Structures are given as structure tokens and as C-alpha cells.
Amino acid sequence: MRNPLNKTIGEIKPSGIRKFFDIVSEMKDAISLGVGEPDFETPWHIRDEGIYSLEKGRTFYTSNAGLLELREEISKYLKRRFDLNYDAKSEMIVTVGGSEAIDLALRAMVDPGDEVLIPQPSYVSYEPCAILAGATPVIIKLKQENQFRLTAQELEDAITDKTKILILPFPNNPTGAIMERTDLEAIAKVIEKHDLFVISDEIYAELCYTDKHVSIVNIEGMWDRTILINGFSKSHAMTGWRLGYACGPQCIIEQMYKIHQFCIMCAPTTSQYAAVDALKNGDADVQMMREAYNQRRRYLVHAFKEMGLECFEPFGAFYIFPCIKEFGMTSDVFATKLLEEEKVAVVPGTAFGDCGEGFLRISYAYSLEKLKVAIGRLDHFISKLR
């Protein structure tokens, strides 16, 4: 019998995040600090709108691009929150989560052999999605001494005559790093110099703890070169609703639309109606959750300082990325022993790229009470190691 499997698929490694979750699910009294999912329930008024849409029988397909009412609210939201301008009818598509938007953008923009620059550590889907689109991923290893920001020189050094796209993953999962306006202005010059395009994943845009998030689209010359990815999972605690969106130049969005049309049809109808209410009435919810995350962030930064665990201060998303190189073991071994001995699950930094070796991703999308118990166990664990 012939091998029924696609060779490219067979060579892609499974997500490095799931291993520890599977163990935790069967371990009594274990605490997981690994899931990148808000611990808040979707605000009731958003759920209520979803329920109402079902009661009204709104269970049919929407437009392939998404409800026009939702796209109009997204357009207003992006203008109100980030001073971004997109036409709801021609420069936007509603997707099944931000992950589908990333996949669509890559498939619509790259040809076989094109190189896609991926700063790492970063979200696990970028590299396999680039491979599945036929592109060659080129990894830019971000450095702790730069607070895991992408520098203009790092970008310049990675570019070849085959480079077409830069994926820009900020605020960053797993490091919590952000890019400030001056950082973006510097890399924008390199992008223009080499005639590159950008896929800017801004799913954590609402979770910045310094000034308001700045999109690379705000930088002069970048609007025509950028596909903006965002969604509702992190900002509005709507992970299970599976709803995201992509915005950008009409010529690119039209090609993304074709792929979406044939493969997906449309995003879930109930989720779209709920998202309309999220954008109309959810700003206070977003602020409340951001303040809670910030409190947890400050607690962890202080706790790691107290226990002498090296860690730069993250200013975005809801992750912290402490360094465990002093203990002389790999991230995977450290995380495994921590789980076995203290029943605390974290994610090895290598799940987000080889340059994550020596680090752990710890999510603070958990209650302060749970974080305190888990950090107490971590402190006990590293005290034994020392």
C-alpha cells in the first residue's frame, strides 16, 4: 500500500504546548500556568447577544466576508482605539479566529520558495503555516538583552533576495515583549528599503501596560504593506467563539477572501452577532480585564525578583518569560521536573522556537490566588535545586 500521507505534513512537528496540558488533565491537585486563555468568562452581555441571535433564528450563513454590521463595528473600533482606517466593505474579512487569518494571509501572498521572516520566540503557528503555504521560514532569533524586541539590524541581517514577508508578533506570545513607536519606525525603514510586506499579529493589542499599543500600520508607508491580524479571543475573553479578522489593502484581502470562501464559507454566525455587541458595549470589560492582568503581572515580576529568578519585565500580553539557565538543565527537563515534583505546569520556552531554550512561558491568565499557590511551589522547587 502506498503512503497515504502528505510528506510536508508528516515532517511538521506537533505543538510543543500540548504535552504538559495532557499530563495536567489527569494529575490531581496540579496547577497549570500554561494555557494562553483568559480565565474570565465572556462578559454576560456578549453571551446574551449570542443567545438572543439563536432565539431569533439567526442560524444561517452570513456573507463570506462576515456580517457587514460587524465589519462596520470593527472599523469604528480600530479607529477609536488605535487610529487605524479600514473600509468595512473592501479592506476587511472576518475569520475563524486570528489563526485562520494568519493562514489566509500567508497562502494569499507567498509563492513557493519565497522566504518569510519569523522572529522567535513566538506563537507556534507561524512557522508551520509558512511551510504549508509553500514558503521557506527564516528564523530571526530575538535576544533577552533587547527585551526580545526585533531590531532593525536583526531584520536587515536576515533579508535575502528571496525575502517577501515579515511576520510581526507583538505584543508577543510567549515573552510579553512589545514594540514601541521608535522600534517600529526603525524597522519600517528596512521594510521599505527591501520592498517587503508585513503580517502584523496584534491579537494582544488591548493588553499593553505602558502606553496604548502602536500598530506598525500607524507608521508612515506601512499601511499599503501590512495585513493586520486581530480578534476577540484575548481582548474580550471569547476564545471558544472562534472569531478573528484581517484588514489590509483590497488587492490582498480579495485573494484571502477567495481561499476563505472555498475552505470555510464564513465565520460562526452566532459568534458574529455576539461580537457586534462586544465592540459596541465592551470597552469597560476590556479595561477591567487589562487592569486585573496588570495586577497579576506586577505580582509575578516582584515574586521573581524576590526569589532571585532572572526575568525581564514584560509590558504586553499575559505572559512572563523567566530565565532558568542557572540550573543547568533544558527547559523541557525543568518543566517536567517542576510538574512531577510540585504539580505546577508551565511551558518550555523551546515550544516557541529553539532560541527559547533556557526560558519558561508562564501565563498569568489565572486568578491571583492560584498564581500565589503556584509561585510558592516554584519557589520551593528552585530552592531545592540551589
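Helices (H or I, at least four residues) and strands (E, at least two) were taken as DSSP runs and numbered from the N terminus. On this basis the secondary structure of the protein comprises 13 helices and 12 strands. The structure is a predicted model, in which local features need pLDDT of at least 70 and side-chain atom pairs count only at pLDDT 80 or more, while totals for chains, interfaces and linings use all residues. Residues are numbered from 1 along each chain as its sequence is written, and side-chain values use heavy atoms, with hydrogens and water left out.

The overall dimensions were examined next. The radius of gyration was taken over C-alpha atoms, and the globule rule is 2.2 Å times the number of residues to the power 0.38. For 386 residues a compact globule would have a radius of gyration near 21 Å, and the value for the protein, 21 Å, agrees with this. The C-alpha trace spans about 60 × 60 × 55 Å along its principal axes. Residues were classed as buried under 20% relative accessible area, exposed over 50%, and partly exposed in between (1.4 Å probe, protein chains only). Buried residues account for 56% of the 386 residues. With contact defined as heavy atoms within 4.5 Å, residues 24 or more positions apart account for 75% of the contacts with a separation of 6 or more.

For charges, Lys and Arg count as positive and Asp and Glu as negative, whereas His and the chain ends are not counted. The place of a charge is taken as NZ of Lys, CZ of Arg, CG of Asp or CD of Glu. The protein has 44 positive and 55 negative side chains, and 3 Å separates the centres of the two sets.

Nonpolar cores were defined as sets of buried Ala, Val, Leu, Ile, Met, Phe, Trp, Tyr and Cys residues joined through side-chain atoms within 4.5 Å. The largest nonpolar core contains 38 residues, and those touching the most other members are L33, Y293, F304, F318, F334, V346 and L378. At least two residues of this core are supplied by each of α11 (283–306), β9 (319–320), α12 (331–342), β12 (360–363) and α13 (368–385). Helix α13 gives the largest share, 7 residues. Not counting residues up to four places away in sequence, L378 touches F304, M307, L309, F334, L338 and I362. A second, separate core has 29 residues, including F148, I191, I219 and C323.

L300 is in helix α11 and is buried, with a relative accessible area of 0%. Beyond four places in sequence, L300 touches I320, Y364, L371 and I375. The C-alpha atoms of L300 and E342 are 42 residues apart along the chain and separated by 18 Å. G50 is in helix α3 (residues 44–55) and has a relative accessible area of 2%, which places G50 in the buried class. Contacts of G50, leaving out residues up to four places away in sequence, are with W241, T270 and A274. The C-alpha atoms of G50 and A275 are separated by 8.4 Å, at 225 residues apart along the chain. N230 lies in strand β7 (residues 226–231) and is buried at 4% relative accessible area. Apart from neighbours within four places in sequence, N230 is in contact with G98, E202, I203, A205, G244 and Y245.

A cis peptide bond joins Q120 and P121, with omega of about 10°; P121 is in the loop between β3 (115–120) and α6 (126–132). The peptide bond from F170 to P171 is likewise cis, with omega near -10°, and P171 lies in the loop between β5 (163–168) and α8 (181–193). F148, although not a glycine, has a positive phi of about 55°. F148 is located in the loop between β4 (136–141) and α7 (152–158) and is buried, with a relative accessible area of 1%. R242, also not a glycine, has a positive phi of about 50°. R242 is found in the loop between β7 and β8 (244–247) and counts as partly exposed at 32% relative accessibility.
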